[in-house]
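Reader: I'd like to go through the labels on this one and hear what backs each of them up. Can you take me through it?

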Amino acid sequence: MKRSVWKNPLFLSGLMIIAVFLISSFIYSFLWDNEVRKLYYISVDNVPVESAPISPKWAFPFGTDPLGLDMLGKVIIGAKYTILASFAIGFLRVFLALPFGFLIGIYLQKYKKIFNGAVDSFHYIPMSILAYFLLYPILWEPPEGFSTTMTERFILEGLVLIFLIVPVLSAFLGNEIARVNKEEFISSAKTLGAGRFRIIIKHILPALREKIVILFGQQVMQTLIIFIHLGLLKLFLGGTEVDYQLVNDPPQSSTNEWSGLIGDTFRYLQGAPWIPLTPILSFALVMFAVALMMEGYIRAASGYSYYGQKFKKNLDTSGKPVKNNVNEADFVRVKS
């Protein structure tokens, strides 16, 4: 039985987590203009007992970095850049791949095998490494400074991360659309005189709605993972600021976006683990929120559980294939 997604507790919980991050980030930037609190040392009876980096305290729940900057404030400031960029890239990947999928699955079925064979190689190429080589000239600051603005670097990075995945998504969607196009209800619609455009809008798109939502959520999480990988490789979202002086500072992110916080502080994992773990846990929490939204939407829209089906497949030792058709579409029914 279909229910409103706005009444599903899983979807609302995930949405609440994302909303708290974004609203807090915009309010913080509006009120304090991205200024971060500082705490250089803690003294007792005028005697310093701890200096930066300060371990987590009640007033600084996530501690400070080696410069005494509050890690909580830095994470809140960078939340809007990281989350909005990942959602925009995930949406545009699916949005651009969908028309190519219809073109391959309906109009160019004779060439579908050729296209699938051409994009199969992308499955074996680490996207993070490929993205690194393509983005290094864009994001790494040269000695003479950036020749592009931060907005231009955001756009160029987004375009690279989008078009690296669009061919793979197009092939996947083309296969799914071709499969749905062979179903009996599509044949019946054709017999009744429905044209291709009407079949696409009224029949194929609704049949793929849940899979498209799942695909969008997966792309958001994959984008976040690529951000982490690029951050560890010192390529930060919006550009990496490099100090070329004789005694230089480590590469830094100018926006406090989370991949930059990880890449800039990962070397402190042993001595001051709260510094890199704060953005890492923030990434994990956003991914968990996206997973909750995906699961909640699928349960509300179709009555099936996406992660329940994945868990069932992992435990299935009977040797029989798990039931998978257009109506169930990789989900297992949730008892209500």
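Predicted model: local features only at pLDDT ≥ 70, side-chain atom pairs only at ≥ 80, totals over all residues.

Reader: What makes threonine 82 count as buried?

Author: Buried means under 20% relative accessible area, exposed over 50%, partly exposed in between (1.4 Å probe, protein chains only). Threonine 82 has 1% relative accessibility, so it counts as buried.

Reader: And why is tryptophan 6 called exposed?

Author: Because its relative accessible area is 56%, and exposed means over 50%. Phenylalanine 11, at 11%, counts as buried.

Reader: Why is the pair of tryptophan 258 and phenylalanine 283 called edge-to-face?

Author: Rings of Phe, Tyr and Trp (its six-membered ring) pair if their centres lie within 6.5 Å; planes under 30 degrees apart are stacked, over 60 edge-to-face, the rest tilted. Here the centres are 5.6 Å apart and the planes at 80°, so the pair is edge-to-face. Tryptophan 258 is in helix H9 and phenylalanine 283 in helix H10, 25 residues apart.

Reader: What makes arginine 153 sit over the ring of phenylalanine 146?

Author: A charge sits over a ring if NZ of Lys or CZ of Arg is within 6 Å of the ring centre and within 35 degrees of the ring normal. The charged end of arginine 153 is 3.7 Å from the centre of the phenylalanine 146 ring.

Key
Residues numbered from 1 in each chain as written. Heavy atoms only, no water. Helix = DSSP H or I, 4+ residues; strand = E, 2+ residues; numbered from the N terminus.
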